[in-house]
Amino acid sequence: MLAGKKILLAVCGSIAAYKTAFFVRLLKKEGAEVKVIMTESAKDFITPLTLATLSKNPVYSEYFDENSGEWHNHVELGMWADLMLIAPLSANTLGKMANGICDNLLLATYLSAKCPVMVAPAMDLDMYQHPTTQENLKKLQSFGNEVIEARDGELASGLSGQGRMAEPEELLEILKKKLTNSEALKGKKVLITSGPTFEAIDPVRFIGNHSSGKMGTAIANAFKNTGADVVVVSGPADHFPHTSEVIKVQSAEEMLKETEKRHHEADVVVFSAAVSDYRPKDPAKEKIKKNDDSLQLELIKNPDIAATLGEKKKHQYHVGFALETNNESVNAREKLKKKNFDLIVLNSLNDSGAGFQKDTNKVTFFDKDNNEQKFELKSKVEVAQDIVDYVIKKHS
Ligand code: PMT
């Protein structure tokens with residue numbers, strides 16, 4: 001299954017490093033080529049000789065081999081790999097990765113790697129739960145890296161909780177899926193709308209909404225990992241994908257213009273933006289003064305981007321969202337039909353942990369063939385992966 005695949009395994013200083021010996025053996029048995037990078041502290045937990053013997057390749061940890069005089073080129077290592085897995089990932093290396101620090105070969109290789117990067121953290125439970133660790137993991141996800149969450153169980157400290165690195169067998173299955181998916185939409189073009197729109201009232205104020213861009217960013221990252229070319233048309237959000245081309249807009253009209261321009265060449269279009277349905281008819285040229293006790297604004301309808309492009313749809317696979325507060329399933333099904341979506345993803349503001357700004361979402365899929373699939377509350381990264389898996393299954 002992994003025959004000919006090139007795996008770059010980067011090992012940090014954590015007791016879980018001992019598991020990498022088993023993991024390298026499993027990879028080799030599957031026919032993968034394996035190269036290993038170690039940090040200095042990783043060598044306190046497992047010897048380079050063990051990993052060199054099992055991987056049948058020299059282990060890299062310095063830029064320069066003092067004995068042979070050989071220069072270990074981090075750029076070449078990153079280019080060589082089909083996938084880089086940092087396992088175990090320590091809190092120390094995580095912090096450096098999240099902040100662009102580059103004081104060893106592992107970090108230089110990470111920064112220059114063009115291939116998908118996955119990380120499998122391992123640390124004590126309190127370290128794992130610390131807000132800094134969680135923020136840093138989110139930051140890696142926003143760079144498009146995939147986080148294999150630490151597992152629950154007994155830890156080396158004797159404590160019990162979340163912090164164990166995923167077991168080698170599990171890592172192997174995750175890698176296999178990842179590598180199968182990594183080319184699933186190669187050559188396809190994916191267009192995504194994301195974030196809110198801001199509709200000007202005057203040069204200072206606007207009508208907007210709470211969309212942060214987290215859902216759209218997670219979707220862009222997940223599609224990028226399938227080898228697709230991804231373009232995101234985003235309103236003024238807090239989150240943008242670092243992996244994809246981003247076209248920044250303000251209003252619904254601008255979002256329509258930029259999305260329409262690219263629609264004909266797209267294979268998959270995901271409408272995750274929260275678009276304002278109305279806009280002020282005549283935005284004031286100057287800041288409106290507060291002279292009166294009340295202020296009337298006349299609002300006119302904005303174009304419906306999804307419906308407009310739904311009418312022009314030919315080969316494209318359209319995924320819409322429905323953000324509801326009541327009568328959820330009925331409304332979602334109606335939107336699926338009215339806007340000519342192939343799939344609609346319902347999220348309801350009645351579900352705690354779902355909707356705007358959260359890191360999690362709870363969704364139900366409805367497709368045009370009347371299939372319905374409910375999911376439990378998950379991270380937006382996992383929801384995005386579910387959407388991508390569905391599109392791959394239905395579209396390719
Ligand atoms: O950005 P986050 O903070 O992570 O929040 C994510 C989200 C809640 C914004 C996202 O999950 C979501 O639900 N996006 C759609 C929000 C919305 O506007 O839903 P709607 O039910 O009003 O619209 C239905 C569909 O038509 C959506 O695909 C929407 O993008 C699209 N639409 C709506 C109006 C309009 N004028 N043009 C559109 O394209």
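1. The model is predicted: local features need pLDDT of at least 70 and side-chain atom pairs count only at pLDDT 80 or more, while totals for chains, interfaces and linings use all residues. Residues are numbered from 1 along each chain as its sequence is written, and side-chain values use heavy atoms, with hydrogens and water left out.

2. Backbone atoms also reach the ligand. A backbone N or O atom of alanine 273 is 2.6 Å from a ligand oxygen atom, and a polar backbone atom of leucine 323 is 3.1 Å from an oxygen atom of the ligand.

3. The shell around the ligand holds 28 residues, of which Ser212, Ala273, Lys335, Asn347 and Gln357 come nearest (near: a heavy atom of the residue within 4 Å of the molecule or strand). By class there are 13 nonpolar, nine polar and six charged residues; Ala, Val, Leu, Ile, Met, Phe, Trp, Tyr, Cys and Pro count as nonpolar, Asp, Glu, Lys and Arg as charged, and the others, Gly among them, as polar. Strand β17 gives the largest share, four residues (helices are DSSP runs of H or I, at least four residues, and strands runs of E, at least two, numbered from the N terminus).

4. An open sheet of eight strands has the order β13-β12-β9-β14-β17-β18-β20-β21, with mixed pairing (two strands pair if DSSP finds at least two bridges between them). Its edge strands, β13 (245-248) and β21 (372-374), each pair on one side only. Strands β12 (residues 229-234) and β13 run parallel and are joined by four bridges; serine 234 stands opposite lysine 248 in β13.

5. Two backbone details deserve a look. The peptide bond from alanine 87 to proline 88 is cis, with omega near -5 degrees, and proline 88 lies in strand β4 (residues 83-89). Lysine 56 has a positive phi, near 60 degrees, and sits in the loop between α2 (48-55) and β3 (59-60). Most residues other than glycine have a negative phi, and most peptide bonds are trans.

How values were computed. Polar contact = N/O pair within 3.5 Å; in protein donor to acceptor, adjacent residues only side chain to side chain.
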